[in-house]
Structure formats: C-alpha cells, structure tokens
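Hi,

Here's the structure I said I'd pass on. Have a look at it first, and my notes follow below.

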Amino acid sequence: MDVKNLLLETLDAFGYPIYLQGSLSDDDVYPPSFFTFFNNSTEDDAFFDNTETRTIWDFDLNFYSEDPTLVNTILLRAKRLLKAAGFIPEGSGYDVLSDQPSHTGRGMNLLFIEKVRY
C-alpha cells in the first residue's frame with residue numbers, strides 16, 4: 001500500500017489542489033483554496049522475530065482558503081473521509097499561519113498504521 005497516494009486520493013474527492021507543505025515558491029500565486037500535507041515521520045512498530053509488522057505514518061494536513069467559512073468546514077469534512085480510509089485524525093484541527101494575508105488556514109495531525117507484509 002502506498003500511504004501517501006491513499007492520502008492524496010482521499011483528498012482528491014474535494015477537488016482542491018494538493019501541495020507538499022513548503023513547495024509553493026514566493027513567486028507562485030496561491031489558489032483560492034488548497035490542501036497541503038507533510039509526512040513528519042514513519043516509525044516501525046509491533047515487531048516479530050526482529051522484524052517490524054507495522055509502520056506508523058505521521059502526517060500534517062492543512063487547508064488554506066480566502067474563504068474563512070471553508071477553512072472552518074472543509075478540514076472537518078475531510079476528517080470523516082480520512083477516517084473511512086483508515087487514517088486516525090487527532091482532534092478537530094488547529095489554526096495555522098499563512099504566508100499570504102488573503103488566506104487563513106486550519107491544520108490537523110493524522111496517523112496511519114500500516115500493516116507490513118513480507
């Protein structure tokens with residue numbers, strides 16, 4: 001299973017652009033609304049015979065928009081879809097800073113426990 005692709009495919013349902021956090025340059029024009037994500041870490045877990053049987057993926061997911069109503073609703077809607085896809089959203093989100101005065105943002109931490117098969 002490709003966990004990053006699962007995240008992107010799940011978010012594609014919303015129709016907003018999705019970027020790796022920090023990949024927009026100073027010269028890029030921000031879309032009106034968009035997601036960003038960042039894979040903070042992957043950690044091996046649950047060992048058997050000195051081999052991991054699970055990997056825990058840790059992501060930050062952010063949604064930015066010119067529309068404050070969307071900022072406060074889209075991430076919560078995404079939470080429901082992500083849970084259905086097997087992600088573990090932590091809480092209901094938090095405010096995130098934006099590099100553009102026209103945009104505000106909300107963020108959420110996500111975990112995904114991948115069963116490793118050899």
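Let's begin with a side-chain pair: Asp58 and Asn109 make a polar contact through their side chains, at 2.8 Å. Keep in mind that this is a predicted model.

Asp58 sits in strand β3, which covers residues 51–65. Leaving out residues up to four places away in sequence, Asp58 touches Phe38, Asn39, Asn40, Ser41, Asn109, Leu110 and Leu111.

Lys4 turns up again at the start of helix α1, where a side-chain oxygen of Asp2 comes to within 3.2 Å of the Lys4 backbone nitrogen. Which residues of that helix are buried? In α1 (residues 3–12), they are Val3, Leu7, Thr10 and Leu11. Viewed down the axis of α1, these buried residues fall within an arc of 95°, so they line one face of the helix.

Not counting residues up to four places away in sequence, Phe34 touches Tyr16, Pro17, Tyr19, Leu24, Asn62, Phe63, Tyr64 and His103. Ser65 is 31 residues from Phe34 along the chain, but their C-alpha atoms are separated by 6.5 Å.

Cheers

Key:
Residues numbered from 1 in each chain as written. Predicted model: local features only at pLDDT ≥ 70, side-chain atom pairs only at ≥ 80, totals over all residues. Heavy atoms only, no water. Helix = DSSP H or I, 4+ residues; strand = E, 2+ residues; numbered from the N terminus. Polar contact = N/O pair within 3.5 Å; in protein donor to acceptor, adjacent residues only side chain to side chain. Contact = heavy atoms within 4.5 Å. Buried < 20%, exposed > 50% of the residue type's maximum accessible area, 1.4 Å probe, protein only. Arc of directions from axis to C-beta.
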